Structure formats: structure tokens, C-alpha cells
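Reader: I am new to this structure and would like to be walked through it. Could we begin with one residue and then widen the view?

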Amino acid sequence: MITRRAFLAASAASVAVLAAGCSTTSVLTPSAGTGSDQTPSSLAFVNKIRAERGLAPLSPDKAAQRAAMDQASRMASAGRMEHNIGFGANFLKRMKGMEVPLPAAENIAAGQDSAAEAFEAWYRSPKHLENMLGTGYRGLGVAVVSNPASGNRPYWAMVLSS
């Protein structure tokens, strides 16, 4: 019987081999399509609204950045915006598996052409705004991935971590 850890290690090795010729980011390479870490530009937007409300600023979190890239990749590969896509898609299991400090939250979006547009969509959504203003969060990761198989539509994921 193969353990989950062995399965994940084998999967990661396969992705690394396939991604060798793809463009990469400093965080990780999306499993399919073209992706980029959008944490630096998104952090400015999120910290501005947090400061306006007297909340502590967030900082980049490498685990949250990896989790955001993973989720954006899942959505771009599937061509749909959902929190639960594919094997191991349960949010809590994904966060624990990627060693994201808990509690954590995830915002997703699709179709926006920039970090500013994705932020604006989340800002205008009460639940997403509540996540961004969460007092228990200290870390942030944001990624966008586009995949030719899904029409190169940009899929966005934001992960907030404690």
C-alpha cells in the first residue's frame, strides 16, 4: 500500500520533471499553464485596508504562497473556479499538507486580468473581505495561473495564514 506521503513525493517529482521547461516563479511552478506569485502587489492592497481599520499588516508566507499557487493551478487545469477540485481537495487537508499555519482562509476568483482587479472583486464580496480583515491572520500568499486547456482564463487564489 502506498502512503500519502510517498504518493505526494512521487507526484511532486513528476511535476518537477514536466515543469523543467516551463517558466517558474520564486515560490513554485504551477502544475499546468503559466502562473505567477502575486503576493507582493496583493499585499499592498490588503495591508492598506487593514491599516485603515487599525489591523496589523500581513507578511508574505511561503507556505501560503505555495498553497495559493497549488489552488490556482487546480482551478486553471480544471477550467472552473471551486475550492474543492481533485484528489485531496478538502481545504483543511490541503492547508495541513502544505504546512500552512492554521487557522487559514482562502479567497478565489477567475477572469481578472490583474492583482488589482482580483483584489477589487474580493473587496466587494462581504465574505472575502471578512477573510482579508481577519484578526487571526499574519501571513499571505496570492497566485494566478492561466492554462491553454481552459482558454487561458486567469484563475486567482489568495491564502491567509495565522
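Author: Let us begin with N84, which is partly exposed, with a relative accessible area of 48%. Buried means under 20% relative accessible area, exposed over 50%, and partly exposed in between, with a 1.4 Å probe and protein chains only. This is a predicted model in which local features need pLDDT of at least 70 and side-chain atom pairs count only at pLDDT 80 or more, while totals for chains, interfaces and linings use all residues. Residues are numbered from 1 along each chain as its sequence is written, and side-chain values use heavy atoms, with hydrogens and water left out.

Reader: Where does N84 lie, and what is it in contact with?

Author: N84 belongs to the loop between α3 and α4. Helices (H or I, at least four residues) and strands (E, at least two) are DSSP runs, numbered from the N terminus. Leaving aside neighbours within four places in sequence, N84 is in contact with A89, N90 and F91; contact means heavy atoms within 4.5 Å. The C-alpha atoms of N84 and R74, 10 residues apart along the chain, are separated by 9.0 Å.

Reader: And G79, where is that?

Author: G79 is in the loop between α3 (62-78) and α4 (91-97). G79 is partly exposed, with a relative accessible area of 34%. Not counting residues up to four places away in sequence, G79 touches S150 and Y155.

Reader: Let me step back. How many helices and strands are there?

Author: The protein chain has six helices and five strands. Along the sequence they follow the pattern α-β-α-β-α-α-β-α-α-β-β. Of the 162 residues, 44% count as buried. Among contacts between residues at least 6 apart in sequence, 68% join residues at least 24 apart.

Reader: Which residues touch the most other members of the largest nonpolar core?

Author: Of its 20 residues, W122, M132, L140, W156 and M158 touch the most other members. A nonpolar core is a set of buried Ala, Val, Leu, Ile, Met, Phe, Trp, Tyr and Cys residues joined through side-chain atoms within 4.5 Å. The elements that give two or more residues to this core are α2 (39-52), β3 (104-110), α5 (115-123), α6 (126-132), β4 (139-146) and β5 (155-161). Helix α5 gives the most, with four residues. A second, separate core of 19 residues includes M75, M95, I108 and A143.

Reader: Why would such side chains gather?

Author: In soluble globular proteins, nonpolar side chains tend to be buried together.

Reader: Which residues of α5 are buried, then?

Author: In α5, the buried residues are A115, A118, F119 and W122. They lie on the same side of α5, because they cover an arc of only 100 degrees around the axis; the arc is that of the directions from the helix axis to the C-beta atoms. The buried residues of α5 pack against α2, β3, α6, β4 and β5. Beyond four places in sequence, W122 is in contact with N107, I108, A109, H128, L129, M132, V142, W156, A157 and M158.

Reader: Is Q112 buried or exposed?

Author: Q112 is buried, with a relative accessible area of 14%, and is found in the loop between β3 and α5. A polar atom of the Q112 side chain lies 3.2 Å from the backbone nitrogen of A110. Not counting residues up to four places away in sequence, Q112 touches E117, A118, A121, P154 and W156.

Reader: What about S161, buried or exposed?

Author: S161, in strand β5, is buried, with a relative accessible area of 0%. Leaving aside neighbours within four places in sequence, its contacts include D61, A64, V100, P101 and L140.

Reader: Last topic: what is the mean pLDDT of the chain?

Author: The mean pLDDT is 81, and 78% of the residues reach 70 or more; pLDDT is the predictor's confidence in each residue, from 0 to 100. Among the elements, helix α1 (residues 4-19) has the lowest mean pLDDT (37) and strand β2 (residues 59-60) the highest (97). Over residues 1-28, pLDDT stays under 50.

Reader: How should a low value be read?

Author: Where pLDDT is low, the predicted coordinates should not be read in detail.

Conventions. A polar contact is a pair of N or O atoms within 3.5 Å; within protein, one must be able to donate a hydrogen and the other to accept it, and residues adjacent in sequence count only if both atoms are side-chain atoms.
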